[in-house]
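Let's take a friendly look at a protein model together.

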Amino acid sequence: MKETTKDIDVLVIGRACVDFISVVERFPEEDSKVPLEMRLVEGGGQATTSSCCISRLGGRVAYVGSVGDDDEGRFCLKRLSDFGVDTSTVRIVHGAVTPVAYVFITKGSGRRTIVYERSSLPRMTVDESLQGLIARSRVLMLDPQTTYLAGSLKCPGTTLPAIVYDCERWGEGVEDMMGIADYFIPSSEFLRDGSGKISGSSKMEKIRTLAGRVSGVLVVTDGEQGAYYLDGGNLLQVLPPAVGIRDTTGAGDNFHASFALAMSRGLELADAVRFSVAVATLSCRSYGGREGVPEFEEAVRISRTIRTRILTPSS
């Protein structure tokens, strides 16, 4: 049988939405008001933001997802096109509503608070068309909205590319994803889940516990603390570079995106994590999570300056 040409570096599947971004001096308390410093509208959604990042870094990316045939959907498509992402595989659903999110950014710290609209768009299925795209891809990146696809993807006899999974919370399919993802990447918030599904009294203990439950490689993102991964018996922390932070919106999406691209190019794990921390941090230089994404050469240069430390129980 003739081997399928791998002409897609990363196939990204998941959410598209529109972010309405408001910058304030401080996040208001309940039943109060604060002046608006500035506002903008940007494409949002984990998968579409990741797709834009991969394209900006020079990767061959295909995005699979859905939008409604409304103004918000058209805006999502435009912003993807602005970044050079091919939108021919996007499903436009007649009469459907493209979700939106309201993002409040605290000016001094760059931290963001998000109020998001749940998507009412139909779920995706692993049909013949999607199987064809998967076969052409070096890496498959799945965002949290597609966690339910784990069962369909793990069918016997199915040959899959390396899977990078962006884990956000416990839900349908998460434990299946633990079994099929080659790179399982949650944020530290996932470790703090109140259900008690990850045992351990410290962050280090929880990371080690979770690493024992996933079949692939575990990488944990932790905002201004960088990222963590295991190398043999050692737990390593990759520290972020010093960058002026304006807005952390999209930083996690850009970490997953750059990690997926690094895997498609055969980088070693240590180099991939440093590269991804560099991209995610640099993306925080501008509001909205997309305009601050660096070019590939800048990301590589900054990644070489990043420090990694070995953590001990007393760290």
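Here is a short tour of salt bridges and of strand pairing.

## Before we start

This is a predicted model, in which local features need pLDDT of at least 70 and side-chain atom pairs count only at pLDDT 80 or more, while totals for chains, interfaces and linings use all residues. Residues are numbered from 1 along each chain as its sequence is written, and side-chain values use heavy atoms, leaving out hydrogens and water.

## Salt bridges across the chain

How many salt bridges does a search of the whole structure find? There are 16, where a salt bridge is a side-chain nitrogen of Lys or Arg within 4 Å of a carboxyl oxygen of Asp or Glu. One of them joins the side chains of Asp-9 and Arg-60, with N to O at 2.9 Å. Asp-9 belongs to strand S1 (residues 8-13) and Arg-60 to the loop between helix H1 (46-56) and strand S4 (61-64), so the pair ties together parts that are 51 residues apart in sequence. Helices (H or I, at least four residues) and strands (E, at least two) are DSSP runs, numbered from the N terminus.

Are these two partners buried or exposed? Asp-9 is buried at 7% relative accessible area, whereas Arg-60 is partly exposed at 38%. Buried means under 20% relative accessible area, exposed over 50%, and partly exposed in between (1.4 Å probe, protein chains only).

Arg-285 is in the loop between H9 and H10, and Glu-298 is in helix H10, 13 residues apart. Through shared partners, salt bridges join Glu-42, Arg-56, Lys-78, Arg-79, Asp-82 and Glu-291 into one network.

## Strand S10 and its neighbours

Strand S10 (residues 162-167) is mostly covered, with 5 of its 6 residues buried. Strand S9 (residues 137-142) runs parallel to S10, and 4 bridges join them; two strands pair if DSSP finds at least two bridges between them. Strand S11 (residues 183-186) is likewise parallel to S10 and joined to it by 4 bridges.

Tyr-165 in S10 stands opposite Leu-142 and opposite Phe-184 in S11.
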